[in-house]
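Me: I am new to this structure. Please take a close look at a single part of it, and then lead me on from there.

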Amino acid sequence: MSAGNTNSENPTHPNSADPQVDPQIDPQLAGTGADLGEDTGEILDSGEITDIIESVATESSLPPGAPPPAPSSDDEANKRRGNDSGKTLSVVSRQGFRPQLIRWKRQLAQVNALESTLKAEPDTELRKRSLAIRYRAMAGEKLATLLPEAYALTREAGRRALSMRHYDVQIIGGIALFEGYVAEMQTGEGKTLTATLPLYLHSLTGKGAHLATVNDYLAKRDAEWMQPLFAMLGVDVGIIQTPDDQTSRRKSYAAAITYGTAKEFGFDFLRDRLLLRAQNRLQTEMLGDGGAGFGGGGDEIVMRGMHFCLVDEADSILIDEARTPLIIGSIEDNVRDQIVETYRWASDTATEYELDDHFTIHPDTKQYELTSRGRQKVRALPKSDLVRTMGLVDLYEYTERAIKVHREFLLDRQYVVRPGDKGEDEIVIVDEFTGRLAEGRKWRDGIHQAIESKENIEISVPTGQAARITVQDLFLRYPHLAGMTGTAATSASELRRIYRTPVLRVPTNKPPRRARLKDRVFGTMERKFQAIVEEIKEIHATGRPILIGTRSIDKSELLSRMLNELGIEHKVLNANNVEQEAEIVAAAGGTGRVTVATNMAGRGTDIKLSDGVEKLGGMHVICTELHDAARIDRQLIGRCGRQGDSGSYRQYLSLDDDILKTGLGVKKSERLKTQGAATGGSVDRLAKLFRKAQLKVEKRHFRDRMVLMHHEKERKKMQREIGQDPYLDTPD
Ligand SMILES: Nc1ncnc2c1ncn2[C@@H]1O[C@H](COP(=O)(O)OP(=O)(O)OP(=O)(O)O)[C@@H](O)[C@H]1O
């Protein structure tokens, strides 16, 4: 399997270019969408991204395969948005028709058309159907062809196993994910359930489908939550957790679908790569695609390739964390011990093999190869526990190498043994032309280590080199990549340029009923906080739950003190204990609840309103400051008004806010600060200034990331040119 040819599976896949190519640099590939064979549906509006596809609305009874409605029906359809009873979808973007929309519409109609048949079938029949399409996928049938049935099956399994039937908009989201989009879905719109669609479809080929999320807790929670659905389709699910050992990781990766964190996927990739190098199995693919080497051979590595990855919280992982390097210092001791012991075992038994009977030597290539009797002998020889856990293919390789070394590499001819710098014996190669000692040189492909074990001296298996990969590089290695997030639209251009994942804004299943209250601007933070506390007091009296987001822990504590003074009971959340936080955040929709949180707290947790809250007007969210990225603000806002619930939010600002300094510069912000100190009441008309400052910060960060990426790309290119592995031969 190579990164390139797997894409034949899905010719419209936007990531189909070689993941090694950094698209941001290559103008041929970058950002044009032209290489995708069709319009990606994305529009750049003077550096700002406008949404690609405005609406996907349900419409009643258009027969499958019927021509799409004329664009003029768009508005009509939009008005009916939220009605999921229709069986066909009208999909017209604000920018007119897009070819993929017509395709998606047809596919949705096909999925819907299968529903009544599947509904009538017993569970066993569903399982059979699932098995049948798996065979078809394995036999090479295109996944795109299997999509309608696969999605209809997933929907039916969801309905039966979880009492959740995928909404039409979720099916559309799922189709887009299959085609490599980042689907922007409002919080609470059911990303977890939507993910099951492309995960199931991609799992059919048997190459593994990964779901990467931000923490262990979410990986486990979502996997366990969706597991009954997959079980109904006969699909197993693996979960990777940080403390897992190699054996359990290998088992989790062997499952059809694997949930884990981006970090763990990255570390496992690096550990596997280090291991492959330690076993000298990396040369052939070192300069190319690491994934290619992962499928066959021994079973000691944990991953079995990187085929499809669906990234949850895509903006946070693919953009905020993009440059974060994942670094590991060494291969684990037990793995090293295993390698050393296998060298010794192979060396100790090497002389027991007879030429022609147990092995042959190729007359031209001089390659040693075990015969079937030889292999049988390898299997029959006694082994220690460590050696036994080594893959058989590896044991054959170690044996062939050991036989070769015993026959061809002679002491004092090709090498000498002498005390090294540290006093321990070492092998020094004798240069066959000059007869001189070739200090510091080593044989490759494990020969050096095999000689060391023959001479019974310390085996110089690399102790594990620092290995490094950035989150971005990791995901670029997946030939099929897609993402989900609550807030991608503002990062659309970056996502497309770096990962070639266009963004689709998936409309909400029910029309949102979230009211935006007018921004309030104050001269100083003190006045702003006083006003915030006033608002909390007022709304709290009505019983509506309130969620307040702050930019830092100290500000949340300041607010907490002010609330204490007023005797308002509340919970303060900082991003410390994810699990406990999730529980508190989940309860934040209760009557009279007041929750103060920093932006990351409880992310990914559903806030359900308790009974009666909806009637009171739903939850109210207070944003106390603008963040450097509008995305983060929208995450907070998205916590209210979920799934058609009512809710409201308000943005508070003050002239001494950090965003003015970072966005407009010290001079200007100082002037505003002085002006603010002299301002008594509110200056709401200045709100635009803050958005402008935020936009400037966003643009600067984007530029910085691009520059960094360019340097990284240059470094990798240079390393490849001199035969180094950019992930393992890492400069500090
Ligand atoms: N098709 C559906 N039918 C019934 N309930 C659904 C459906 N889809 C989602 N839900 C419900 O919606 C809620 C939100 O789902 P989920 O937590 O997956 O949302 P999310 O998009 O991941 O939100 P967040 O942005 O907070 O991660 C859940 O309680 C889930 O049970």
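**A strand and its surroundings**

Reply: H210 stands opposite C309 in β9. Keep in mind that this is a predicted model. H210 belongs to strand β6, residues 209–213. That strand is the part to look at closely.

Start with its partners. β6 pairs with strand β9 (residues 308–311) in the parallel sense, over four bridges. It also pairs with strand β8 (residues 257–261). That pairing is parallel too, and five bridges make it up. Within it, T213 has T261 of β8 as its bridge partner.

Now the two faces. In a regular strand, side chains alternate between the two faces of the sheet. In β6, A209, L211 and T213 lie on one side. H210 and A212 lie on the other. Both faces are covered, and these residues are all buried. Five of the five residues of β6 are buried, so the strand is largely enclosed by the rest of the structure.

Next, the ligand. The shell around the ligand holds 17 residues. M164, T187, G190, K191 and T192 come nearest. Helix α6 (residues 191–203) gives the most to this shell, with three residues. By class, the shell has four nonpolar, nine polar and four charged residues.

Follow the chain on to another sheet. Six strands form an open, parallel sheet in the order β19-β24-β23-β20-β22-β21. Its edge strands are β19 (513–522) and β21 (571–573), each pairing on one side only. Neighbouring strands in this sheet are turned by 15 degrees against each other on average, direction ignored. Inside it, four bridges join β20 (residues 546–550) to β23 (residues 619–623). I548 stands opposite I622 of β23. Helix α19 (residues 525–540) lies across β19, β20, β22, β23 and β24. It runs at about 160 degrees to β24 (646–654).

One more sheet remains to be seen. Three strands form an open sheet in the order β13-β14-β15, and the pairing is antiparallel. β13 (415–419) and β15 (437–438) stand at the edges. Each has a single partner strand, so one side of each is left without a neighbour in the sheet. Strand β14 (residues 425–430) joins β15 over two bridges. There, I429 stands opposite A438.

Definitions and conventions:
Residues are numbered from 1 along each chain as its sequence is written. This is a predicted model: local features need pLDDT of at least 70, side-chain atom pairs count only at pLDDT 80 or more; totals for chains, interfaces and linings use all residues. Two strands pair if DSSP finds at least two bridges between them. Axes are lines fitted to C-alpha atoms, for helices over the stretch in contact, and angles run from 0 to 180 degrees between N-to-C directions. Two residues are in contact if their C-beta atoms, placed from the backbone, lie within 7 Å. A residue is near a molecule or strand if its C-beta atom, placed from the backbone, lies within 6 Å of it. Ala, Val, Leu, Ile, Met, Phe, Trp, Tyr, Cys and Pro count as nonpolar, Asp, Glu, Lys and Arg as charged, and the others, Gly among them, as polar. A residue is buried if 20 or more other C-beta atoms lie within 10 Å of its own, exposed if 12 or fewer, and partly exposed in between; C-beta atoms are placed from the backbone.
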